[in-house]
Amino acid sequence: MAYLRSFAIILVCLLAGKAIQHVTELAIPGSIIGMLILFLVLSTGIIPSHWAKEGCHLMIRHMALLFVPIAVGLINYLDLIAANTLPILLSTLGSSLIVFLILGLAVDKKEKQ
């Protein structure tokens, strides 16, 4: 029963996110909005976190299997990925460096307080 409840909570948040994305026509995917809704609902205590725990743990445990369809789908675009390897690599490294820099500055500022 715990699995059913936790999957229902996750599914309702996902569907709410997709509905919000559809109605507002935001550029953010509905699944991301649903994840934010789930985070807000759990962090504010509207829904106790242990209600969603079982389903989340099950999905995390089998996360590798959930990436198989994505990896297989990427094979269709190997020529496109190969042609854009340098921009992909530079944007990945650049965004990581920006995150590290901002995080370092934030931690430095926090420690000085």
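Q: How many salt bridges does a search of the whole structure find?
A: The search of the whole structure turns up one salt bridge, the term standing for a side-chain nitrogen of Lys or Arg within 4 Å of a carboxyl oxygen of Asp or Glu. This is a predicted model, in which local features need pLDDT of at least 70 and side-chain atom pairs count only at pLDDT 80 or more, while totals for chains, interfaces and linings use all residues. Residues are numbered from 1 along each chain as its sequence is written, and side-chain values use heavy atoms, with hydrogens and water left out.

Q: Which residue forms the salt bridge with Asp108?
A: The partner of Asp108 is Lys112, and the closest N and O atoms of the pair are 3.4 Å apart. Side chains of opposite charge can pair when their charged atoms come close.

Q: And where do Lys112 and Asp108 lie?
A: Both lie in helix H7, residues 85–112, and they are four residues apart, about one turn of the helix. Helices here are DSSP runs (H or I, at least four residues), strands are runs of E with at least two, and the numbering starts from the N terminus.

Q: Is Lys112 buried or exposed?
A: Lys112 is exposed because its relative accessible area is 66%, and Asp108 counts as partly exposed because its value is 36%. The classes are buried for under 20% relative accessible area, exposed for over 50% and partly exposed in between, with a 1.4 Å probe and protein chains only.

Q: What about H7 overall, how many buried residues has it?
A: The count of buried residues among the 28 residues of H7 is zero, and the helix is hardly covered. From its first C-alpha to its last, H7 reaches 40 Å, close to the 40 Å expected at 1.5 Å a residue, where the expected span is 1.5 Å times one less than the number of residues.

Q: Switching to H1, which are its buried residues?
A: Those of H1 are Ser6, Ile9, Ile10, Cys13 and Gly17, and they pack against H2 and helix H3 (49–61). The end C-alpha atoms of H1 are 33 Å apart, which agrees with the 33 Å that its 23 residues should span at 1.5 Å a residue.

Q: What is Ser6 in contact with?
A: Leaving aside neighbours within four places in sequence, Ser6 is in contact with Trp51, Ala52, Glu54 and Gly55, contact being heavy atoms within 4.5 Å. Ser6 counts as buried because its relative accessibility is 0%.

Q: What comes just after H1?
A: Glu25 follows, taking a positive phi of about 55° in a residue other than glycine. Glu25 lies in the loop between helix H1 (2–24) and helix H2 (30–44), and it counts as exposed because its relative accessibility is 68%.

Q: Which residues form the nonpolar patch on the surface?
A: The patch is formed by Ile60, Met63, Leu66, Phe67, Ile70, Leu74, Ile75, Tyr77, Leu78, Leu80, Ile81 and Ile88, with about 1,200 Å² of accessible area together. Helix H4 (63–66), helix H5 (68–75) and helix H6 (78–83) are the elements that give two or more residues to it. Patches take residues with over 30% relative accessible area and no salt bridge, joining like charges within 9 Å and nonpolar side chains (Val, Leu, Ile, Met, Phe, Trp, Tyr) within 5 Å, and accessible areas come from the Shrake-Rupley method with a 1.4 Å probe, only the protein chains shown counting as cover for residues.

Q: Where does Tyr77 lie?
A: Tyr77 lies in the loop between H5 and H6, and it counts as partly exposed because its relative accessibility is 49%.

Q: Last topic, what radius of gyration has the chain?
A: The chain has 19 Å, whereas a compact globule of 113 residues would have a value near 13 Å; the radius is taken over C-alpha atoms, and the globule rule is 2.2 Å times the number of residues to the power 0.38. The C-alpha atoms fill a box of roughly 50 × 50 × 35 Å along the principal axes, and buried residues make up 12% of the 113 residues.
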